[in-house]
Amino acid sequence: MDKLMANKWFVRIASFVIAVLLFISANFELKSDKKSIGFSTSPDIATETIENVPVEVYYDMENLVVSGMPDNVDVTLKGAKALVTAAKNQRDFKVYVDLSDPNITIGSRTVTFKISDLNEKLVATIEPEYVEVNIQERVTKEFPVEAEYDPSALADGYSAEPPTVSPQTVKVTGAKETIEQISYVKAMIGLNKGVKETVNGKATVRALDRNLNNLDVVIEPASVNVTLPISIPSKTVKINAVQKGKAKDGIQIKSLSVNPKEVTVYGKEEDLKNINNINVDVDISKVTGNTELEVKLPQPDDVKKMSVSTVKVKVQTDHVVDEEEKEKEKEDQEQEEQIEPDEEEQTQEPQEQQEEEQEVAVESKKLTNLIIGITGLDENQEVEVEPKTTDITLMGASQYLKNITVNDIVVTADVSQLTEGKHDVPLSVKVPDNVEWELSSSTATVSITQKEET
């Protein structure tokens, strides 16, 4: 051991090893102390990209318009992980472009994005770093609005009148160059497929150039009220009753009368041109005497709908005498001729009275200017009738006609199933019993509109 201590190289090596151990020990204790109080000599570094950060633009908004500026940018932050995480979660920094210089000139220029309210220990990179914008004079101009719709959305056979817009004009604000490119200002009416009724709603207004491209402008108001009246062409035609089948023995059909006498049919205008009447078949094989039948009205193939689906047919009959009955009547007549005069006189009077009752004369009476009433009108609708009055001819025995006045007659048009627009409506009539009637016109034209809100 003494020899080793006497060796100078051994002493040197031992001293070096001891020095190294002391350094390591001291450095480990220092690091431990720093970590214990929250300090680190080499903190964790993190990098995070925050997408869709809004861009604020400062400029004279009353007199200028800036176009080409993106709404959002991406920001990449680098620094201590704790600071990066806090900035990403709180987003308390701003990305902006400053064009507030009052001496700024009109035209195109390249501007750089800036960031504020960010911790100075963080490094930020903005993507894109810069952008080319166009600065123009701000202009406001008034334009008329034109409503449009897709005609193919209408149900088959239906047509639309020109749409109405309220308000009829809008104010469009934008860059002067953009305003000068405006060729159309339109409001598109959205329609469901197969629409059959008048459409009321709102439509967004768009400004378009000559190639129908949308232009970046501000429109006030941004939407307008639109009304698209939708209806179907109509035509009023006569209803004819046609006998079908064979009458029973001893029954002869004297007449067939239909009520109503006319029907309004709806469909394409070119299809309605060929329809002048509708025949309704009446099966007389089961008729045994005067009667009234309710018969379904056939709908032609080209007709989309009709004002009535059934009609009432009044059947008048006569009794037919066959050869056997004629022979019997002849024998009865010969026996009556042999009856004593007194007995003949007794039977003659009731026979004459019966003949007088059978020969009661049918008269007619005309009443004019009967007001046409409306039934089934919605409380939110208004209606106009053309004509407002009609005339009626009554037919019957004089004792039934003489006391009838216009107050005893009710003429109405039912609009409960109708939409807004013009319609030809069949008239309904209520008259006293034992009286036939005929109107000067069996239909009236009604115009239905929506009440204006007050």
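1. A residue counts as buried under 20% relative accessible area, as exposed over 50% and as partly exposed in between, judged with a 1.4 Å probe and protein chains only. Leucine 77 is therefore buried, at 0% relative accessibility. The model is predicted: local features need pLDDT of at least 70 and side-chain atom pairs pLDDT 80 or more, while totals for chains, interfaces and linings use all residues. Residues are numbered from 1 along each chain as its sequence is written, and side-chain values use heavy atoms, without hydrogens and water.

2. Leucine 77 lies in strand β3 (residues 72–80); strands are DSSP runs of E with at least two residues, and helices are runs of H or I with at least four, numbered from the N terminus.

3. Isoleucine 24 belongs to helix α2 (residues 8–36) and is partly exposed, with a relative accessible area of 49%.

4. An open sheet of 5 strands has the order β9-β13-β14-β16-β11, with mixed pairing; two strands pair if DSSP finds at least two bridges between them. Its edge strands, β9 (146–148) and β11 (164–166), each pair on one side only.

5. Strands β14 (residues 199–208) and β16 (residues 223–228) run antiparallel and are joined by 6 bridges. Valine 199 stands opposite leucine 228 in β16.
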